[in-house]
Amino acid sequence: MPVEIVYPPHVTADIHAWEAGGAASAEALTAWVDIRLAAHDAALSTMLSVTGPRTLENTLRLYDVVIEQLTMAGSQAGVLNSVAADKAVRDQAQLESQRVSMAGSALSLNRAVYEALAAVDLEGASPATQHFVSRTLLSYRLAGVDKDQATRDRLQKLHEEATRLSLEFSRNIQEGAKTILATQEELNGLPPDYLGRHQPDADGQITLTTDQPDMQPVMTFASNGDLRQRMFLAYNTRAYPANRQILLDLLATRQEIATVLGFRSWADLATADQMMGSAANVRTFLAKLDEASRDGARREHELILEFVRKQDSGLEAIDITSRAYWYEQFRRSAFDFDSQSVRPYFPYATVEVGVLQTAAKLFRIEFHRSAVPSWDPAVSVFEVFDHGHRVGRFYLDMHPREGKDKWFSAAPVVTGVRGRYLPEAALICNFPGGVEGDPGLLQYNDVVTFFHEFGHLMHGILGGHTEWAGLSGFATEGDFIEVPSQMLEEFFRDEKLLQSFAKHYQTGETLPAEIIRKMKLAGAFGRADWVRSQLYYTTLSLDLHDQDPASLELDAITEKLYTSLQPWTWMEGNRMYASFGHLTGYSSNYYTYAFDKVIALDFYNQFNPLNPLGGDTGMRYRKTVLEQGGSKPGREMVREFLGRDEQFSAFSKWLNEEFDQELLAARTSDQGLR
Ligand SMILES: [Zn+2]
């Protein structure tokens with residue numbers, strides 16, 4: 001028999017914090033979170049007061065409501081921390097995130113809950129339900145539920161401390177914008193629309209910020225090396241020195257948690273319930289990545305160096321602040337491809353339509369613009385329909401705003417549960433545009449980023465119809481989460497698909513096949529170097545969490561590792577670790593990107609290269625991967641979709657495409673063969 005949950009009043013209303021006024025006032029946000037936490041408490045105490053045999057209905061169902069309320073409060077506090085217009089609301093949202101996180105860590109150490117879940121009769125339960133319970137019990141054991149009370153109290157304090165430090169670290173990056181001054185002459189090489197947006201003041205000085213739309217073009221196009229250097233240093237010190245000590249404290253706190261739990265290092269603890277399983281397995285994977293990319297990266301670097309020496313014969317080495325610039329120059333020269341040339345075909349609004357159309361065709365769904373309110377007038381809202389039924393909603397908050405988070409991410413808003421809540425998710429991005437009169441011309445890697453984030457969004461929506469909130473959408477192992485995003489990125493490679501939406505913002509002309517061909521050749525060049533930089537970030541994230549933090553020298557370790565993996569000269573004063581935002585969420589597990597890239601490329605290889613949106617592969621992928629959410633281990637989803645484990649071959653082929661003459665020849669023919 002289902003057990004009745006005693007909800008406090010209004011708990012079923014206002015599932016959105018902003019509808020309850022939480023985006024406009026700190027007090028309203030707190031009141032909204034109070035209601036969710038009260039619902040969490042109510043379900044928890046009902047669950048614990050059950051007498052007699054424990055069943056799915058009288059125990060797991062209530063536990064799942066506990067999770068659902070906590071997740072909803074945490075998700076929306078997190079979103080408002082990133083996007084709220086009012087600083088007071090952002091500050092409060094950070095405190096609320098902390099409060100929710102504290103409730104979460106108390107729950108994860110609650111022995112009565114563990115014992116109740118362990119006692120549930122699973123006879124006849126579905127495989128997804130059994131997976132949910134066994135995974136939850138494992139997470140309890142990894143949290144230290146079997147330790148004595150004093151140790152559990154200590155662990156909870158440590159978790160709270162780690163949460164507080166993580167939030168502070170992220171916030172310092174979000175709000176740590178710096179500016180630099182430049183002269184008109186120093187902006188040589190930058191595109192006209194950039195110059196138009198950056199007019200000199202009365203003294204002839206131009207102010208540039210370290211925000212993505214200001215920073216990225218300088219690093220790629222500015223011919224003035226001194227300007228690039230100033231921008232690089234400003235960007236990489238935007239959260240320095242504040243985040244230096246915070247990071248050291250965070251690493252020490254995490255290591256202490258691992259030690260108390262009997263793990264050698266945080267990295268071993270953080271990988272124990274992942275696909276990877278252990279830090280040692282991550283190292284084995286990194287060795288493969290190193291081997292796969294080493295020769296290609298060396299060849300790329302030699303080509304660039306030779307190219308630069310033709311212009312500056314005395315040059316001995318290229319520094320880290322010139323890497324993007326010389327790659328761009330080399331691509332222009334070797335492939336006759338100027339990345340500026342495609343921007344007019346990628347005005348923001350057109351790209352948005354293109355990405356949405358691609359996903360709609362691939363997954364056989366429809367998107368309809370909606371007038372429902374969100375947290376800011378700049379946000380577009382869409383309802384998702386599957387054969388006439390509404391199956392979810394998403395929010396696109398796509399352009400920079402004062403005080404808004406400066407990165408690109410997908411975030412859950414409402415965790416979907418079959419029969420209770422439809423899934424909702426948001427993209428929080430910083431693409432150019434969004435201002436009257438600015439078409440927001442994107443670079444091609446911006447378009448790839450859009451596909452990436454939309455892949456996450458689809459995972460949250462299509463995976464948001466599971467029986468349990470605890471299995472919904474993003475609830476896979478953490479190191480599977482970048483598969484759906486990186487898989488969707490690959491669709492950008494399809495010429496017909498690109499031409500379906502890429503139109504010149506002034507003339508309406510379709511992006512010519514010839515430019516696409518050059519863009520793809522130029523885009524393939526640099527993959528080995530990209531993998532090397534992933535290898536650097538990955539090894540750094542692992543190393544920081546896989547040794548005694550007491551003796552850690554942040555500056556020395558980042559430089560030494562960089563020098564061992566990258567051919568570009570290190571820049572003195574680079575404090576990249578202080579703004580390496582993924583250290584909070586991914587901690588030691590930044591390897592997720594590279595590991596999931598291998599899986600994503602193998603997945604993409606299953607699609608028809610001549611017509612990737614045709615056939616039933618997209619639907620098969622939707623059913624076997626996206627719709628599963630966290631209903632089964634990532635390993636099983638890989639085997640079900642591929643019929644085997646993932647292999648390195650698709651990744652290696654992709655990595656070496658730039659040097660594959662046969663493939664180059666095939667790509668240049670009009671057949672579009674690959
Ligand atoms: Zn991602």
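Hi everyone, let's begin with one histidine: His452 has a relative accessibility of 8%, so it counts as buried. Please keep in mind that this is a predicted model.

Why start there? His452 is one of the protein donors of the zinc ion, through its NE2 atom. The other donors are His456, also through NE2, and Glu482, through OE. These donors lie 2.1 Å from the zinc ion. Along the chain, their spacing reads H-x3-H-x25-E. The pair of His452 and Glu482 links distant parts of the chain, 30 residues apart. His452 belongs to helix α15, residues 444-462, while Glu482 is in the loop between α15 and α16, the latter being 483-489. And is Glu482 buried or exposed? Its relative accessibility is 3%, so Glu482 counts as buried.

Next, let's turn to a helix. Helix α2 runs over residues 56-83, which makes 28 residues.

Stepping back to the whole protein, the domain assignment gives domain 1 as 26-108 + 110-143, domain 2 as 177-236 and domain 3 as 344-512. Between the C-alpha centres of domain 1 and domain 2 there are 46 Å.

Now for the rings. A search of the whole structure turns up 48 aromatic pairs. Take Tyr562 and Trp570: their ring centres are 5.3 Å apart and the planes make an angle of 55°, a tilted pair. Tyr562 has 4% relative accessibility and therefore counts as buried. Trp570, at 13%, counts as buried as well.

There is also a cluster to look for on your screens. Ring pairs join Phe307, Tyr325, Trp326, Tyr327, Phe330, Phe335, Phe525 and Trp568. Another arginine, Arg238, lies over the face of Tyr235, with 3.9 Å to the ring centre.

If you take one picture away, let it be the zinc ion with His452, His456 and Glu482 as its protein donors.

Methods. Residues numbered from 1 in each chain as written. Predicted model: local features only at pLDDT ≥ 70, side-chain atom pairs only at ≥ 80, totals over all residues. Heavy atoms only, no water. Donors = N, O, S within 2.8 Å, 3.2 Å for Na, K, Ca; no water. Helix = DSSP H or I, 4+ residues; strand = E, 2+ residues; numbered from the N terminus. Buried < 20%, exposed > 50% of the residue type's maximum accessible area, 1.4 Å probe, protein only. Expected span 1.5 Å × (residues − 1). Domains from an automatic or database assignment. Phe/Tyr/Trp six-rings, centres within 6.5 Å; stacked < 30°, edge-to-face > 60°. Lys NZ or Arg CZ within 6 Å of the ring centre and 35° of its normal.
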